[in-house]
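This briefing covers one protein chain and its ligand. The points below are grouped by topic and are meant to be read beside the structure.

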Amino acid sequence: METILIIDDDPAFLEKAKTLLHRGGYDDVQTETDPGQALMRVDRGAPYGVVLIDLDMQGLDGLGLMGAVHESDPDTECVVLSALNEARVAVDCIKKGACDYLTKPVRDDRLLASVKHAASRLRSSRAVFSPQPGHPDASAGANAFESIITRSDRMRRIIQEARLHAGSDVTILITGESGTGKELLAQAIHRVSGRAGAPFTSINMASLAGSLFDAEFFGHTRGAFTGAERDRVGYLEHSNGGTVFLDEVADLPFDFQGKLLRVLEQGEFIRLGASAAQKADVRFISATNADLERQLARRSFRQDLYYRLKGVQLHLPPLRERREDIPLLVDHFLSEFGRSRAVHRIDGEAMRAIAGYDYPGNVRELRAVIQSAVNLVEGGCLTLSSLPAYLRKQHRKRSAGTFIPPGRIAPLEEIERQHLIRAYEESGLNKIRAARILGIGVNTLRRKLSLYGIR
Ligand SMILES: Nc1ncnc2c1ncn2[C@@H]1O[C@H](COP(=O)(O)OP(=O)(O)O)[C@@H](O)[C@H]1O
Ligand SMILES: [Mg+2]
């Protein structure tokens, strides 16, 4: 059953609507009178199926809030309510993604019908990606992509594409710097695929180099070579029915590339020392942080294999190109590591230091930063002093620019610029939130940001 959130600053309306929806069979109905609180709930990524938003609230524009809802979960359906009975406004709302526009006072049956309609749209949009009912891992599968924490549009599009390809056996090549979540994505694809009941085997090509490669991969029979004292099942056979993840595929030894290509082309392999071929019922997902195209040119990677592996290519952007994910990931890792030491909060200064850093090691590095910082915290709140020295140093360098020597009156514009940067960073580069902190409209903020040349 879908969770419904109603946001309206009129408590009487909230009470009435809640009772009505309860009677209509919706058990999980939440209400919120404070638009700021509503924004926080939505930002936290709480999974609302349908959100009803009053357009006429003080202090926040309803359409901005709807934008934030969709940014947090594009699948959520929004119903907009307003006392204004104007076609122009209604059309504008629908254009911006509302599912329905209701004028207040609204009749009970009209409100209920609108929510029903929204919930049914929701089900049909989600059904496309649901695993087969009755599938052994159906419930885990539905949530598999939720383990990937993100609010970035680029990431969302990639996840969407991954979902669409998950169900087929098409080979997938995931590219991106180390620590961007390539393996996490591969696992999610496996878990929503029809292969979820069978193993996901991750094999690091860099660590496998050497003469045992064939034996490890294909398995061998007893006596196949000196030291082969018994039969051995290789990775391929072990993964039967499942997914094989070829990590750091650029490091695949050249002489093995041809053998792997044969498996992909013929769907069969032979254990070392055996005479009969066996079926290889596996799906291949590979990952690399290297420039495979360059290796093609240098002929250290076979072109035919490259195209076989790259049925679909998904590229994960580095964390510094999706900084809006940083605060979410910090929250996520705080709840992962902070629990044991009761660290649940992080102060503004520490968050700014974390949000401003470039993370050559991407999410893996951020995770390690939080993990180590948590151990140094005293008193429940993560502060600047618990962060690694290199991060603090960079932060000091960045903040040095905002220091204004005494005795010099800075032009107002300079102060405004610095203040904007601070708020924008504090918001995790979220324009809606930053605008709220500053008490200005999102459009005003956008204009000022571009005026001052801030990305
Ligand atoms: N979007 C994300 N949300 C949550 N955890 C993530 C995310 N991206 C990466 N991680 C975590 O960061 C670490 C590195 O991810 P991994 O998938 O191994 O990266 P890669 O394979 O690209 O090197 C893992 O602990 C992973 O769980
Ligand atoms: Mg990896």
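In this predicted model, 5 residues of domain 2 are in contact with 5 residues of domain 3. On the domain 2 side, the touching residues comprise no nonpolar, 4 polar and 1 charged. The C-alpha centres of domain 2 and domain 3 are 35 Å apart.

**Domains and overall build**

- The domain assignment divides the protein into domain 1 (4-127), domain 2 (152-315), domain 3 (328-397) and domain 4 (401-455).
- Taken along the principal axes, the box filled by the C-alpha atoms is roughly 80 × 65 × 45 Å.
- The secondary structure consists of 21 helices and 16 strands.
- The protein has 455 residues, of which 32% count as buried.
- Among contacts with a separation of 6 or more, 71% join residues 24 or more positions apart.

**Sheet E2-E1-E3-E4-E5**

- Five strands form an open sheet in the order E2-E1-E3-E4-E5, and the pairing is parallel.
- Strand E2 (29-32) and strand E5 (100-103) are the edges of this sheet; each has a single partner strand, so one side of each has no neighbour in the sheet.
- From one strand to the next, the twist averages 20 degrees.
- Strand E1 (residues 4-7) pairs with E2 in the parallel sense, over 4 bridges.
- Within that pairing, Leu5 has Gln30 in E2 as its bridge partner.

**Sheet E7-E10-E13-E6-E14**

- Another open sheet of 5 strands, with parallel pairing, runs in the order E7-E10-E13-E6-E14.
- Strand E7 (200-204) and strand E14 (312-315) are its edge strands, and each pairs on one side only.
- Ignoring direction, neighbouring strands of this sheet are turned against each other by 20 degrees on average.
- E7 pairs with strand E10 (residues 243-247) in the parallel sense over 5 bridges, and Ile203 stands opposite Leu246 in E10.
- Helix H8 packs on this sheet, where it touches strand E6 (172-175), E7, E10, strand E13 (283-288) and E14.
- The direction of H8 makes about 165 degrees with that of E13.

**The stretch around helix H21**

- Helix H21 (residues 442-451) is hardly covered, with 1 buried residue among its 10 residues.

How values were computed
Residues numbered from 1 in each chain as written. Chains lettered and ligands numbered in written order. Predicted model: local features only at pLDDT ≥ 70, side-chain atom pairs only at ≥ 80, totals over all residues. Domains from an automatic or database assignment. Contact = placed C-beta atoms within 7 Å. Nonpolar A, V, L, I, M, F, W, Y, C, P; charged D, E, K, R; others polar. Pairing = 2+ DSSP bridges. Helix = DSSP H or I, 4+ residues; strand = E, 2+ residues; numbered from the N terminus. Axes fitted to C-alpha atoms, helices over the stretch in contact; angles between N-to-C directions. Buried ≥ 20, exposed ≤ 12 C-beta atoms within 10 Å, placed from the backbone.
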